[in-house]
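Subject: Structure handover

Hello,

I am passing this structure on to you. Please look through it first; my notes come after it.

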Amino acid sequence: MFFLLLRLPFFLGGAPLLIPELSWMLVGEQMGHGFMLYKDVWDNVSPFSGLTYWLVDSLFGRSQLAYQLVAGLVCIVQILYFNFVIHSRDVFPERTYVPGALYALFLNISFDLGTLSPMLLANTFLLFAFGSMVKILIRREVSAQVFEMGLYIGIATLFYLPASLFMAWALLALLFYTGATIRHHLLGLFGSLFPLLMVVLFFYLNDGVESLNRNLLTSVFQVKQYNLNDFSSLLVSLFLPLSFGVMGFMRIFTSIRFVNYQTRIQQVMALWFIVAVFTIPLMQYLAPMQFVVFIPPASFFATHYFQSFKKKSWADEVLFMFMGGIIIIMQLQGLRGLIPGVSAGRLENLRAKPASLPAEIHNKRILVLGQHTGEYLNNYTATPYLNWELASYDLENLDNFDSVIHVYDNFRKDPPDYVIDKSDVMPKLLERVPALKRQYTPSAWKGIYRRN
């Protein structure tokens, strides 16, 4: 109920649609039309996230509210599971529901955390892996949980590829804090790799391994959308969770109330934070929703901070209410611009803005050559070239005969009604492919080509 009250502003006045959110909707829409991810839809979203967007689109269509409701459901699962693990396993000296309350608060530090992002989906299974790790640490016996933990990390990787770094987290945690043997490490590694191998096998059987490699595996290092970065909003959003997390971590050293397994869990969570830092260079752009993986350690260590106050003191309750009030103000600032003239928290770079297109380009199948910002808001995507960084592999390499053939085949299979050329690619393309020159002619609007 506490979390739903925090999310109420999302559903009362609506949240702005973000460019990445629009891209995820377009991926689900194209997959719903029978196009295969990576092979027929060029985007670097991970396969299980693509399946999730396809499922949501199949049930509700291109509905932002539906995506936000599913995201809210995912958040509730994370809050309940995180609090269950902490509460039921006696991770803290005192049983408390503070971890869940902090987790709910930190999931509202910015309005973009209300989107159904791949990192949010992956974080759910990373939490399941943490739950398996806690069982191992309490029993000091490495059993079937190690395969289960690896499997969860493998599934998280298929939602968000940089989550694969948590294989190192599991390996180091088993190595330092358990009596795991080589056989146990191999079992955990097999659990992680098993779902990945199944996906590779699927694409191999559908002649899509090359597309999988180009659009997903290598794109982690190549595709960077720096124009979407918003450092001021990021710093403002992360300040409170990280500050309270660090203060809680420092308070641990002044307490002697912990038993051995509680200390081991603290060290494992600190290791989680360190591994999460290494996911930052792999992020396509920097925004608060990409940092949801930091919320579990921030909530964990912030709980230590609030538990460090004396029982008869009101300071912890006052501080918690103060922090909650600040977070609500930050959320409203992002959604409604509560403080005039202040851009922090607004995520202006990420917002999808209606493009100034002619009135007749409405509910049409279009192709945007360049970064799309809002052209697809009232239109549909055509051809596989959804992600411009990936599309440029073909469209900016037109001196290569194979690229020209690929472009022609993709236009022939799924022809757009209009081509919006923001990168001045179309003149060279029409020169290289006479068949397309007969089909597309410049319209009365600059940079827009119409299909005859």
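This is a predicted model: local features need pLDDT of at least 70, side-chain atom pairs count only at pLDDT 80 or more; totals for chains, interfaces and linings use all residues.

Residues are numbered from 1 along each chain as its sequence is written, and side-chain values use heavy atoms, with hydrogens and water left out.

Cavities

The structure contains 2 cavities of 30 Å³ or more. A cavity here is a set of points on a 1 Å grid over the protein atoms alone where a 1.4 Å probe fits but cannot get out, and lining residues have an atom within 4 Å of a point. Points are joined across faces, edges and corners, and the volume is the space filled by probe spheres set on them.

The largest cavity holds about 430 Å³. Its lining has 32 residues, and Trp24, Asn44, Val45, Gln284 and Tyr285 lie nearest the centre. Helix 2 (19-32), helix 6 (118-139), helix 11 (219-222) and helix 16 (388-395) each give two or more residues to this lining, with helix 2 giving the most, 4 residues. Helices (H or I, at least four residues) and strands (E, at least two) are DSSP runs, numbered from the N terminus. By type, the lining of the largest cavity has 18 nonpolar, 12 polar and 2 charged residues. Nonpolar covers Ala, Val, Leu, Ile, Met, Phe, Trp, Tyr, Cys and Pro; charged covers Asp, Glu, Lys and Arg; the others, Gly among them, are polar.

The second largest cavity has a volume of about 60 Å³. Its lining is made up of 11 nonpolar residues, with no polar and no charged ones; among them are Ile109, Leu113, Phe291 and Ala298. Helix 12 (231-252) gives the most to this lining, with 3 residues.

Helix 13

The 18 residues of helix 13 (residues 260-277) should span 26 Å at 1.5 Å a residue, and the end C-alpha atoms are 26 Å apart, which agrees. The expected span is 1.5 Å times one less than the number of residues. Buried residues of helix 13 include Tyr261, Arg264 and Trp272.

Ser443

Ser443 sits in the loop between strand 4 (440-442) and strand 5 (448-451). Ser443 is buried, with a relative accessible area of 15%, because buried means under 20% relative accessible area (1.4 Å probe, protein chains only). A polar atom of the Ser443 side chain is 2.8 Å from the backbone oxygen of Ile448.

Regards

Terms used. Buried means under 20% relative accessible area, exposed over 50%, partly exposed in between (1.4 Å probe, protein chains only). A polar contact is a pair of N or O atoms within 3.5 Å; within protein, one must be able to donate a hydrogen and the other to accept it, and residues adjacent in sequence count only if both atoms are side-chain atoms. On a 1 Å grid over the protein atoms alone, a cavity is a set of points where a 1.4 Å probe fits but cannot get out, and a pocket is an open set with protein on both sides within 12 Å along at least five of seven lines; lining residues have an atom within 4 Å of a point.
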